[in-house]
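Try each task before you read its solution.

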Amino acid sequence: MKEIRIGGQAVLEGIMMKGPESYALAVRKPDKTIDVSVTPFVSAGQKHKVLNIPILRGVVNFIESLYIGMKTLMKSSEYFEEEEESEGSDKKSDKKDGKDDMKDKAYLVGSLLLSLGIAVVIFMMLPAFVANFLYKITESNLLVNLAEGILRLVIFLVYIILISKMEDINRTFMYHGAEHKTINCLEAGDELTVENVMKHTRFHKRCGTSFVFIVMIVSIIVFMFVSTDVMWLRLLSRVLLVPVIAGISYEFIRYAGKHNNACSTILSQPGLWVQRVTTKEPDPDMVEVAIASVDAVIDWRAYIEEINSDRE
């Protein structure tokens with residue numbers, strides 16, 4: 001059995017884990033039971049080798065991760081709708097026809113595009129817009145772009161610190177910690193029991209938080225080569241270069257996740273610092289949810305046995 005890189009995401013009272021051929025959503029329902037749903041999924045990069053070349057594969061992975069993340073987040077929220085809306089079996093059928101499925105997909109894509117658009121405006125265009133006024137006091141492209149990058153980092157850090165104060169988000173960050181602990185336990189070759197998982201760290205090099213932070217750093221470097229004091233060109237360049245920056249950042253995260261050396265440690269450290277905010281220590285019930293999600297996408301017992309035998 002070849003080495004498997006499991007990825008995941010914390011959602012509302014649950015965790016999504018993505019394996020080689022599917023992803024699973026495990027949610028702790030209001031009645032305290034765990035519901036697990038599995039969706040077959042093979043990356044476009046696996047289907048079309050041309051999409052698996054460096055940089056481009058990062059763009060593909062970024063888009064797919066956003067789609068799956070939004071889809072599972074919306075699905076997890078359905079478990080906690082008001083009782084009269086979630087039950088209602090006497091008033092309406094639970095079955096959805098083709099038109100309902102199309103509406104759901106349209107809503108999902110619309111929500112994804114809206115969320116992505118808001119993120120680009122806040123984290124890319126706003127810092128560029130503000131920094132552009134610095135050309136009134138300096139002609140240095142280096143200083144202006146550096147100020148833009150610092151402002152972008154400040155906005156990002158203030159944003160995650162503020163949302164971490166919200167009760168629901170804080171619980172999601174605890175599930176985020178459970179996700180990381182479980183993946184770390186699996187990759188260490190330890191049996192996935194609550195006791196074993198709780199012993200592992202809640203920080204992980206391949207975390208999405210680390211990816212976003214690397215995006216911020218890479219954007220500073222990339223924009224150094226795209227300098228203009230024309231406002232509309234400056235803003236347009238920030239939007240058009242988002243896929244390129246995402247692709248480069250993915251290669252950094254991919255390298256750091258596969259290697260354990262001084263270079264990967266340096267690349268990972270800023271993201272690990274930010275994870276002190278975006279992950280919290282989980283409780284055992286949350287770890288149970290994470291294990292259930294992993295159990296649905298791979299035979300982790302056979303995998304652990306295989307990797308441990310290879311390491312001997």
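**Exercise 1.** Classify Tyr159 as buried or exposed, or in between.

Solution. Tyr159 has 43% relative accessibility. Buried means under 20% relative accessible area, exposed over 50%, and partly exposed in between (1.4 Å probe, protein chains only). Tyr159 therefore counts as partly exposed.

A note on the model. It is predicted: local features need pLDDT of at least 70, side-chain atom pairs count only at pLDDT 80 or more, and totals for chains, interfaces and linings use all residues. Residues are numbered from 1 along each chain as its sequence is written, and side-chain values use heavy atoms, with hydrogens and water left out.

**Exercise 2.** What kind of pair do the rings of Phe123 and Tyr159 form?

Solution. Start with the rule. Rings of Phe, Tyr and Trp (its six-membered ring) pair if their centres lie within 6.5 Å; planes under 30 degrees apart count as stacked, over 60 as edge-to-face and the rest as tilted. The centres of Phe123 and Tyr159 are 5.7 Å apart and the planes are at 75°, so the pair is edge-to-face. Now place the rings. Phe123 is in helix α4 and Tyr159 in helix α5, 36 residues apart. Helices are DSSP runs (H or I, at least four residues), numbered from the N terminus.

**Exercise 3.** Which residues form one aromatic cluster with Phe123?

Solution. The cluster consists of Phe123, Phe156, Tyr159 and Phe213. A search of the whole structure gives six aromatic pairs.

Note on methods: Helices (H or I, at least four residues) and strands (E, at least two) are DSSP runs, numbered from the N terminus.
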